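Hello,

Here is the structure we talked about. Please open it alongside this email; my notes follow below.

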Amino acid sequence: MGSKLFMAKTDTNPEQLRLDENSKKEVPLEHWGPYLSERQWATVREDYSENGDAWGYLTHDQARSRAYRWGEDGLAGISDYHQRLCFAIALWNGNDPILKERLFGLPNGQGNHGEDVKELYYYLDNVPTHYYMQYLYKYPQDRFPYNDLVSTNIQRSKLEPEYELLDTGVFDNDRYFDVYVTYAKKNSEDIHISIEIINRGTDAASITVLPTLWFYNYWQFDKVKPKPLITKMGPNCVRANHPNSGGYYLYHQPADTAFFTENDTNVERLFGIPNPTAFVKDAFHNAIINKANVDRLESKETGTKYAPVYKFKISGKGSARIYLRLCKGQVQNPFDAEFEAMFAKRKKEADDFYASILPPNTTPEHAIIQRQALAGLLWSKQYYHYDTRLMVYNGRNTSPAFETRPNGRNSNWKYLKNQDVILMPDKWEYPWYAAWDLAFHCVPMALIDPVFAKNQLILIMREWYMNPEGQIPAYEWNFSDVNPPVQAWAALQVYRIEKEKKGTGDITFLKRVFQKLVVNFTWWANRKDIDGNNIFSGGFLGLDNIGVFDRSAQIKDAVLEQVDGTSWMGTFALNMMDIAIEIALVDEAFEDMAVKFYEHFVLIAEALNELGLWDNEDQFFYDTLRLQDGTPHHLKVRSLVGLISMFAVSVFHLDENDQRLKDFRKRAGWLNRYREQNKLFLPLSIDDKGNYLLSLVPYDRLLKLIDRIADEDEFLSKGGIRALSKYHLNHPYRVNIAGADYSVDYEPGDSTSNLFGGNSNWRGPIWIPMNFMIINALKKYAQYYGDTTKINFPKGSDQQLTLHQVADELSKRLINIFEVDEKGERPVNGAHQEFYKKPENADLILFYEYFHGDDAHGLGASHQTGWTALIANLVNDIFRN
């Protein structure tokens with residue numbers, strides 16, 4: 001079975017051998033990796049304001065001067081997994097008012113579509129052990145247009161596109177540097193670093209580079225523990241000693257000069273309080289930009305922040321390179337011939353590793369797409385530290401809000417104590433985990449590191465995350481919000497990918513997640529089934545503005561019965577049944593739970609189909625507002641909400657000669673007979689070959705839903721399935737509820753409202769995780785219905801496709817977003833095609849949060865190689881067929 005998905009042998013590949021060794025650890029993680037955030041400022045963790053304004057409390061302008069409390073950030077950086085010691089680069093082009101130490105972006109209030117990073121950077125390569133990593137940052141040679149980006153975006157309306165860095169003209173005439181940062185490890189604690197700067201312009205240009213090493217500042221709140229120290233050991237070497245980590249040495253090539261300072265807040269700049277010393281966090285900025293205290297920084301020989309300073313004038317089309325080495329022990333000749341050869345060696349190992357994953361007939365173009373998607377996923381690992389008890393109840397001298405914080409944001413999550421490396425949705429726009437995002441991240445991660453994927457799914461359900469009642473934390477802005485319960489689905493996906501790869505499945509993993517998910521399912525059943533009739537609510541359920549109104553809000557004299565909430569719970573129940581059956585094949589004690597979740601699924605399916613959520617006139621599932629007198633009012637918005645019902649599908653075969661699952665067959669069989677005899681709804685079909693189909697959606701209704709999916713005037717677009725039907729372009733939905741008017745229009749691009757911050761839009765664009773689940777569901781239905789069911793796809797064409805062929809066509813449309821067409825253009829690049837046609841940019845791909853519903857160009861967060869990395873799985877599936 002494994003030979004289909006993973007054709008090449010991986011047991012002799014050095015990267016795979018390292019992974020196998022890591023899998024033996026309690027936490028299957030390399031000591032050093034890309035764990036440094038790209039934005040620690042303006043996070044909830046750093047917000048000690050009185051009004052909960054995280055964006056206003058610690059701004060980008062303050063970030064260079066203020067020591068963080070809960071983590072660090074940097075440009076193209078790395079850290080150890082405790083984030084004690086960090087390394088990143090800083091740049092200055094001779095024209096900027098700011099030393100470029102971190103990525104710039106607009107906070108939520110300044111962007112016309114919410115927060116947005118305004119930089120050009122790319123995750124070029126990475127492997128699971130981070131023995132080879134490469135990052136590209138594009139740095140303008142002219143003054144960075146900070147003010148232009150702020151003022152223009154503020155002036156733009158919600159109906160206009162975002163004003164991006166490429167729109168400012170600062171990259172015209174190729175007046176920019178490509179800064180490549182490459183890491184190649186000799187071993188886990190010996191990291192070779194190359195910084196290559198290429199002048200893409202024709203004229204000579206100046207650049208100053210500061211490769212920076214610093215310690216996270218814990219001494220600001222822990223006065224007892226000894227302070228770490230970086231000490232000069234020679235002209236081109238420093239030693240970084242930490243009381244917990246011991247000593248590391250940073251070797252670097254001869255520099256123009258070198259600076260030491262302390263990672264301490266510049267209280268004079270921020271609060272008007274005189275600094276006790278000139279050695280503060282932003283001292284390097286002041287030295288480079290304002291020429292302040294240069295002699296003092298050069299003469300200092302110890303500190304908690306250090307950087308050699310390289311000043312280059314690079315000729316047109318020329319380049320310069322800097323080598324550094326960060327290692328645990330001393331080295332006699334740090335930059336010998338072996339040093340440079342290490343980069344080529346680790347690159348070759350990375351090539352071999354990815355070749356072992358790709359199906360053998362994958363084209364070079366699709367190999368690039370998959371590899372960059374997975375590289376971005378790996379770069380999205382981030383150290384995350386948040387202890388709500390310490391945040392909420394401690395810090396009397398930290399903030400004037402101390403007295404009010406015990407009743408503030410997340411104060412009821414006092415058991416939450418997070419300090420782990422976690423896959424983030426986007427390390428700038430969303431530098432915090434989100435429960436359902438993380439579940440999707442684990443599916444592509446399973447292609448390359450299933451052990452870490454399993455670790456992440458287990459982690460989010462550990463007692464220092466999940467609350468005692470069984471709720472999984474949503475995200476730091478409000479841990480009590482409700483994300484769709486996709487963890488069981490993701491666990492099955494990860495389990496099956498690893499089983500196909502290795503030939504055996506990890507039953508222990510399934511048991512661990514199953515036990516925690518039983519608690520979570522119970523929380524859902526008790527909290528979100530308001531009337532006890534198996535119709536579920538849940539609020540926004542991660543789909544932000546997809547509803548007519550804020551679905552988390554209370555509605556006077558009415559109850560909102562949610563199709564997606566009910567469908568997600570049906571999917572959850574069926575996934576739990578599938579997990580229990582898989583375990584019961586080797587441990588019959590789990591048959592009881594398989595029957596229990598089968599019963600849950602049957603009752604939820606009955607409620608979805610029999611209690612008024614299906615509209616017979618429109619042949620579609622709609623959210624229903626049930627008034628106090630019991631009158632149902634369908635909210636007739638054709639959206640993903642109605643399609644999520646397709647996700648709950650399972651196909652399996654029961655062999656009469658197989659003696660396993662006796663109890664499950666007996667008890668499930670009794671339930672089936674009882675319901676048939678009493679003419680009750682039963683979501684079960686059995687063919688003459690002993691194949692069983694369980695589905696929330698009956699066959700006739702399934703065909704109606706697929707008919708809309710196949711219609712280019714409804715859900716089908718050039719880039720996949722839209723979140724909202726294009727029908728609403730000419731037929732906007734209008735409704736008056738309790739005297740208030742609401743409307744939903746087809747909006748294929750950015751959001752035109754501020755609902756849920758306005759930084760994402762579910763009213764028309766394409767979202768890859770939802771498309772991925774639709775494709776997976778169609779393949780399941782195809783297993784049962786085979787070639788007998790044909791779909792007119794696209795609707796109105798002369799083409800009749802099987803369900804599996806429809807799934808493949810949808811996959812191809814999604815992959816097409818990132819492919820180069822005959823004009824040398826990728827749809828994802830939208831209005832910036834010419835920039836990406838340049839030879840040096842032709843293979844650069846950004847994996848956005850979502851995509852335009854008509855032309856498929858990228859929208860939202862530009863580095864969402866969390867769930868958008870699912871494109872790697874689709875590439876695999878297409879080329880192994």
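**Aromatic contacts**

Phe514 and Phe590 are both buried. They form an aromatic pair of the edge-to-face kind, with 5.7 Å from centre to centre and 65° between the planes. The pair links distant parts of the chain. Phe514 sits in helix H15, while Phe590 sits in the loop between H16 and helix H17 (591–610), and 76 residues separate the two.

Please keep in mind that this is a predicted model.

In total, the structure holds 64 aromatic pairs. Tyr310 and Phe312 make a stacked one: 6.3 Å centre to centre, with 5° between the planes. Tyr310 is buried, at 4% relative accessibility.

There is also an aromatic cluster. Its members are Trp436, Phe440, Trp489, Trp568, Phe647, Trp762, Trp767, Phe772, Tyr850 and Trp867.

**Helix H16**

Helix H16 covers residues 563–584, which is 22 residues. From first C-alpha to last, H16 reaches 31 Å. That is close to the 32 Å expected at 1.5 Å a residue. How many residues of H16 are buried? The count is 22 of the 22, so H16 is largely enclosed by the rest of the structure.

**Strand S8 and its neighbours**

Strand S8 runs over residues 176–187. S8 is mostly covered, with ten of its twelve residues buried.

S8 pairs with strand S7 (residues 132–140). The two run antiparallel and are joined by nine bridges. Look for Met133, which stands opposite Tyr183 in S8.

S8 also pairs with strand S9 (residues 190–199). That pairing is antiparallel too, over ten bridges. Here Val181 stands opposite Ile195 in S9. S8 and S9 form a hairpin, with two residues between them.

**Salt bridges**

The structure holds 57 salt bridges.

Lys186 forms a salt bridge with Glu338, and the closest N and O atoms are 3.6 Å apart. Lys186 lies in strand S8 and Glu338 in helix H9 (residues 337–357), so the pair ties together parts that are 152 residues apart in sequence. Both ends are partly exposed: Lys186 has a relative accessible area of 32%, and Glu338 has 40%.

Next, go to Lys454 and Asp506. Their side chains meet in a salt bridge at 2.6 Å, N to O. Which parts of the chain does this pair tie together? Lys454 lies in helix H13 (residues 450–459), and Asp506 lies in the loop between helix H14 (487–502) and helix H15 (507–527). The two parts are 52 residues apart in sequence. Is Lys454 buried or exposed? Lys454 counts as buried, at 8% relative accessibility. Asp506 counts as partly exposed, at 24%.

The third bridge is local. The side chains of Arg667 and Asp663 meet at 2.9 Å, N to O. These residues are four apart in helix H19 (residues 662–677), which puts about one helical turn between them. An α-helix has 3.6 residues a turn, so residues three or four places apart point the same way. Arg667 is partly exposed, with a relative accessible area of 34%. Asp663 is partly exposed as well, at 28% relative accessibility.

**A nonpolar surface patch**

Which residues form a nonpolar patch on the surface? They are Trp670, Tyr674 and Leu680. Together they have about 320 Å² of accessible area. Leu680 is found in the loop between H19 and strand S26 (684–686). Leu680 is partly exposed, with a relative accessible area of 33%.

**Where to look**

If time is limited, start with these views:

- Phe514 and Phe590, the edge-to-face pair.
- The S8 and S9 hairpin.
- The patch of Trp670, Tyr674 and Leu680.

Best wishes

Terms used. Residues are numbered from 1 along each chain as its sequence is written. This is a predicted model: local features need pLDDT of at least 70, side-chain atom pairs count only at pLDDT 80 or more; totals for chains, interfaces and linings use all residues. Side-chain values use heavy atoms; hydrogens and water are left out. A salt bridge is a side-chain nitrogen of Lys or Arg within 4 Å of a carboxyl oxygen of Asp or Glu. Buried means under 20% relative accessible area, exposed over 50%, partly exposed in between (1.4 Å probe, protein chains only). Patches are made of residues with over 30% relative accessible area and no salt bridge: like charges are joined within 9 Å, nonpolar side chains (Val, Leu, Ile, Met, Phe, Trp, Tyr) within 5 Å. Accessible areas come from the Shrake-Rupley method with a 1.4 Å probe; for residues, only the protein chains shown count as cover. Two strands pair if DSSP finds at least two bridges between them. The expected span of a helix is 1.5 Å times one less than its number of residues. Rings of Phe, Tyr and Trp (its six-membered ring) pair if their centres lie within 6.5 Å; planes under 30 degrees apart count as stacked, over 60 as edge-to-face and the rest as tilted.
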